[in-house]
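Work through these exercises with the coordinates open. Each task is followed by a stepwise solution.

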Amino acid sequence: MMKRWLTLAAAATSSCAIITSSSCCCQAFAPPTHLDGRILFRSSAATTTTTRVFLFDLKQRLDNQQRSAQQKLSRSRIPEEEIYYLSRGFGLSTEEGANDDPLQSPYTIDLTTTSPTRISTTPNGNTESQAAASRLLLRHLEVEDIKPILPEIVREFGAYEIPTSSTGSKLGDELATWIENFLFSFTVLVGLDQRVERRKKGYGKGSNVSPDHNVICLVEVTPVNNNNNNGNDSTTPVSYTEQIVGIAELSWQPPDPTRNAPPFVLPYFAKDLISRLNNKDTECKVPKGYVSNVLTWKSRRGLGYSRVLMAALEGIARRWGCDDIRLHVDADEVSGKIARGLYWSLGYEAVPDRGNSQVGYEWMGPSMANRGLYLVEGVPLLYLRKSLNEEDSML
């Protein structure tokens, strides 16, 4: 009888670990250290009780652990009404004109109250305590912002690798990586500089061209902990620091699922010509709103920042008069899982292949066959679309 009792206890302990781990994996854009569930497992194992008490108290323990996991998943401090307001065009009507810049002044989002400090993960994998941001700013990317954010972009999209001094490393591989990162960095510098100039031209006074290539930044505003303050001196002004924690871009692009947005800026008439010549779909003969370069800094993922960036881009697209908005996303079942979950939760749907690409995707699995899968420059990507018409969104 005692052996059966211990067997049940072991099975219950295993079930507890599985449930806890799966709940952690649901967190969107969480750093990898938050996906393995080991923290929750250690906390459950720390409570040492007898086998009989553990079994009788199993349901309550599972409920407490699931509640704790949900609290960790609900780290976003962004009011939902702000997301809705941004996605509907920043409260500006389309009759006011697409050339009216909704971010002529930075848009401020006051975050909900929380602990004055937060635990952040450094690039080396260590944790440190930092002051929590009090508000967010949405603004345009400027020329002086490009160089500070370049390492984060190269680390995410390039071939960035920290050189090692191990004897097993090959000099040729390090040199190739350095050259690739240099060329990629140069491309990013030139491309972002072109985008800043094109955005200014589109929103300029008396401009005869439509807005295009709008790169926006999400900025954390954090109060500085001044240790020189004595007591509760309310007369001392509070100082703040600003740090870019995410970027995203909206542009006009030909609605071609087999091509990604080019690294450099093309004039609108060229995009319009490509749309008319290369697209076999009679309903898509003009450029469409296209989302690209959506990036939240790794240390800030899981806070809902990507939803803010996407809502702002959708609002800008409505101001431009877009009837829908499109994007590409990684089709890999592992590396693209979180990003796809984000876009699907926001209402993006697949644009199925109409048979024009002549490429078979059976090797990707049956779940991906009808989800807008295309081969773009040798990489399998999903092509998604979201309607911005109020009538369609109500369906």
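**Exercise 1.** Is Pro287 buried or exposed?

*Solution.* First, the ground rules. This is a predicted model: local features need pLDDT of at least 70, side-chain atom pairs count only at pLDDT 80 or more, and totals for chains, interfaces and linings use all residues. Residues are numbered from 1 along each chain as its sequence is written, and side-chain values use heavy atoms, with hydrogens and water left out.

Step 1: apply the cut-offs. Buried means under 20% relative accessible area, exposed over 50%, partly exposed in between (1.4 Å probe, protein chains only). Pro287 has a relative accessible area of 3%, so Pro287 is buried.

Step 2: Pro287 sits in the loop between helix H8 (268-278) and S7. Helices (H or I, at least four residues) and strands (E, at least two) are DSSP runs, numbered from the N terminus.

Step 3: list the neighbours. Contact means heavy atoms within 4.5 Å. Beyond four places in sequence, Pro287 contacts Trp252, Gln253, Pro254, Pro255, Tyr268, Lys271, Asp272 and Ser275.

**Exercise 2.** Check the length of helix H7 and find what its buried residues pack against.

*Solution.* Step 1: compute the expected span. The rule is 1.5 Å times one less than the number of residues.

Step 1: pick out the buried positions. Among them are Thr177, Asn181, Ser185, Val188, Leu192 and Arg195.

Step 2: explain the spacing. An α-helix has 3.6 residues a turn, so residues three or four places apart point the same way.

Step 3: name the partners. The buried residues of H7 pack against strands S4 (135-140), S5 (214-223), S6 (240-253) and S7 (288-296), and against helices H6 (143-157) and H9 (305-320).

**Exercise 3.** Describe how helices H5 and H9 pack.

*Solution.* Step 1: take the geometry. Axes are lines fitted to C-alpha atoms, for helices over the stretch in contact, and angles run from 0 to 180 degrees between N-to-C directions. H5 (residues 80-87) meets H9 at about 30°, with the axes 6 Å apart.

Step 1: classify. H5 is therefore roughly parallel to H9; angles under 35 degrees count as roughly parallel, over 145 as roughly antiparallel, 65 to 115 as roughly perpendicular and the rest as oblique.

Step 2: list the contact. H5 supplies Glu80, Ile83, Leu86 and Ser87, while H9 contributes residues including Arg307, Val308 and Ala311.

Step 3: check the cover on H9. Of its 16 residues, 15 are buried.

**Exercise 4.** Which residues have the most contacts inside the largest nonpolar core?

*Solution.* Step 1: define it. A nonpolar core is a set of buried Ala, Val, Leu, Ile, Met, Phe, Trp, Tyr and Cys residues joined through side-chain atoms within 4.5 Å.

Step 1: read off the answer. The largest core has 45 residues, and Leu138, Ile216 and Tyr343 have the most contacts inside it. H9 gives the largest share, 10 residues.

Step 2: A separate set of 18 residues includes Leu150, Ile153, Val188 and Val219.
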